[in-house]
Amino acid sequence: MEKLTDALLVKKINQLRREKNAIILAHNYQLPEVQEIADFVGDSLELSRIAAKTDAELIVFCGVHFMAETAAIICPDKVVLMPDAHAGCPMANMITAPALRELKLQHPKAVVVCYVNTSAEVKAECDVCCTSTNAVWIIDSLKDAQEVIFVPDKYLAAYVASKTNKTLIPWNGYCPTHVKILAEDILKEKKLHPDAQVIAHPECTPEVTALANAVLSTSKMCEYARGSKAGEFIVATEVDILYRLKKENPHKKFYPASTLARCPNMKKNTLEKILFSLENMKYEINVPGDIRLRARRSIERMLEAAAR
Ligand code: CIZ
Ligand code: SF4
């Protein structure tokens, strides 16, 4: 049997991508070799929007389950595949639809906002969805809301609460990868690189975001690094975003706040699995009708609020 070198894998992936009219989408946290072969690299919402606009009939989504599901919700006419069906998001799994229904009963007047890191079933229980890019605007746009249930990330909730005057009722979820970044890691890196700007994701703990020059989603981090006059950055988020940051800014320096911030689920997609996915049309992500429609409504409300 022919040995599958990376070059051969890429050649076979490219051949099938053409033959099947497919595009490969990769999240900013994917392995460098996956980012390298992707048609687009971005955050979950950017990738879902590309999925909706593309003429391709087949989308190989390299990210975690809720991201591929969001793409499937937005574009039901396309086939969305995940190379590894087990690439889930532990934070998204910290809230379930029955648990959210219970919380809603306790706060019947609250508006319900979910972070995009949630299952379709949970999105279907919500009034409006948000991402880390637009969470503050979305909450601010809920003019008449006195109370807002915010699921599942308690740290994103704490960050948003510090930027608005709404009362947030958070869920007790968190990202196991971002909590590995400690304030002492930032202080240590700042000592080593005193001129560096600290950019942190709002999924980090408040102790970490308090030390940041800017608190940003992954797509906004890329924009910020491109636009900033600074030449050095300490990056407090998942480590493989550094691949994209370095590639887009070859003359700037990027230091991970902690090399422990590696999301094992994001690393489940490999070149071998992408090839398998294209060859076998696996693993298709489908969201059942009623849940899809209700989940889609919460995503559409986010898009409408963000466009205002
Ligand atoms: O929405 C995304 O892609 C996530 C989960 C993170 C980010 O900030 O881009
Ligand atoms: Fe989920 Fe955190 Fe991994 Fe993102 S980095 S997929 S929030 S566990």
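Reader: What makes the crossing of helix 1 and helix 13 left-handed?
Author: The model is predicted. A crossing is left-handed if the near helix is turned anticlockwise from the far one by less than a right angle. Helix 1 passes helix 13 in that left-handed way.

Reader: How do you know how helix 11 runs relative to helix 12?
Author: Helix 11 (residues 218-227) and helix 12 (residues 241-248) pack at about 25°, with axes 10 Å apart. The limit is under 35 degrees, so helix 11 is roughly parallel to helix 12.

Reader: What makes N21 worth a remark on phi?
Author: Most residues other than glycine have a negative phi. N21 is not a glycine, yet its phi is positive, about 50°. N21 lies in the loop between helix 1 and strand 1 (22-27).

Reader: Which peptide bonds are cis, and where?
Author: One joins V151 and P152, with omega about -5°. P152 is in the loop between strand 7 (147-151) and helix 8 (154-163). Another runs from K282 to Y283, with omega near -10°. Y283 is in the loop between helix 13 and helix 14 (289-307). Most peptide bonds are trans.

Reader: Which residues surround ligand 2?
Author: Y29, V64, C89, P90, N117, C175, P176, E203, C263 and M266. The cut-off is a heavy atom within 4 Å. By class, eight are nonpolar, one is polar and one is charged.

Reader: Where does ligand 2 sit?
Author: In the largest pocket. To sit there, more than half of a molecule's atoms must lie within 2 Å of the pocket's grid points.

How values were computed:
Residues numbered from 1 in each chain as written. Chains lettered and ligands numbered in written order. Predicted model: local features only at pLDDT ≥ 70, side-chain atom pairs only at ≥ 80, totals over all residues. Heavy atoms only, no water. 1 Å grid on protein atoms, 1.4 Å probe; cavity = no way out; pocket = protein on both sides within 12 Å on 5 of 7 lines; lining within 4 Å. Nonpolar A, V, L, I, M, F, W, Y, C, P; charged D, E, K, R; others polar. Helix = DSSP H or I, 4+ residues; strand = E, 2+ residues; numbered from the N terminus. Axes fitted to C-alpha atoms, helices over the stretch in contact; angles between N-to-C directions. Parallel < 35°, antiparallel > 145°, perpendicular 65-115°, else oblique.
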